[in-house]
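Hi,

Here's the structure I promised to pass on. Have a look at it first, and then read my notes below.

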Amino acid sequence: GPLVAELQETLKKRLQVQELVVFANGHLGLDCAMKALNLHDGEAITTPFTYISTSQALRMNGLKPIFCDIKEDTGIIDEEKIEPLITEKTKVIVPVHVYGFPCNYQRIQQIADKYALKVVYDAAHTFGVTVDGKGIGTLGDASMFSFHATKVFHTVEGGAVAFRDPELKEKLISA
């Protein structure tokens with residue numbers, strides 16, 4: 001309804017993203033992002049240093065989580081350990097921004113481009129974070145935010161997926 005539309009527009013401005021769809025929770029948003037991007041039946045490189053929901057959303061779409069080690073000082077995925085994990089089954093890289101620390105998105109995108117992979121960020125912990133003057137939700141093919149009660153911005157429960165491609169909106173809504 002009109003209140004959801006207002007919330008989405010307000011969040012787009014606050015997060016400095018082009019497109020955004022809200023969901024009942026972040027998990028559902030990540031699940032729908034996988035469906036909307038047609039990511040299924042393969043492998044997804046991600047980190048074990050996240051809430052189980054990240055891996056569960058992948059498994060729900062037939063994607064086997066392939067865990068990449070993290071950097072000890074920040075807890076974020078070690079981008080230099082991603083490439084050796086890529087196989088012919090790899091479909092997507094799902095890095096997790098942790099405690100407000102953004103992943104090395106430039107290097108991750110280089111790797112994704114080299115192997116024609118999608119990048120979907122779990123940005124649950126980075127509401128309002130900017131990198132290089134732009135909202136963190138502008139990175140990759142999509143970014144999922146969580147509005148759970150334990151997050152910086154919360155609606156008790158809830159979430160959103162930010163993305164650039166306007167054609168993805170209808171796919172997300174119908175996923």
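Before the strands, one definition: two strands count as a pair if DSSP finds at least two bridges between them. One thing to keep in mind is that this is a predicted model.

By that rule, strand E4 (residues 90–94) pairs with strand E5 (residues 118–122) in the parallel sense, over two bridges. Here Ile93 stands opposite Val119 in E5. E4 also pairs with strand E2 (residues 42–46), again in the parallel sense, this time over four bridges. Within that pairing, Ala44 has Val92 of E4 as its bridge partner. As for cover, four of the five residues in E4 are buried. Follow the chain through E4, helix H4 (residues 105–115) and E5 and you get a right-handed β-α-β unit.

Now for the rings. The structure holds three aromatic pairs. Phe49 and Tyr99 make an edge-to-face pair, because their planes sit at 75 degrees, with ring centres 6.2 Å apart. The two are 50 residues apart in the chain: Phe49 is in the loop between E2 and helix H3 (52–60), and Tyr99 is in the loop between E4 and H4. Phe49 is partly exposed at 36% relative accessibility, while Tyr99 is exposed at 56%.

Phe127 and Phe147 are edge-to-face too, since their planes are at 85 degrees, and their centres are 6.1 Å apart. This pair links the loop between E5 and strand E6 (130–131) to the loop between strands E8 (142–146) and E9 (159–163). Together with Phe145, they form one aromatic cluster.

Cheers

How values were computed. Residues numbered from 1 in each chain as written. Predicted model: local features only at pLDDT ≥ 70, side-chain atom pairs only at ≥ 80, totals over all residues. Heavy atoms only, no water. Buried < 20%, exposed > 50% of the residue type's maximum accessible area, 1.4 Å probe, protein only. Right-handed = clockwise from strand over helix to strand, strands pointing away. Phe/Tyr/Trp six-rings, centres within 6.5 Å; stacked < 30°, edge-to-face > 60°.
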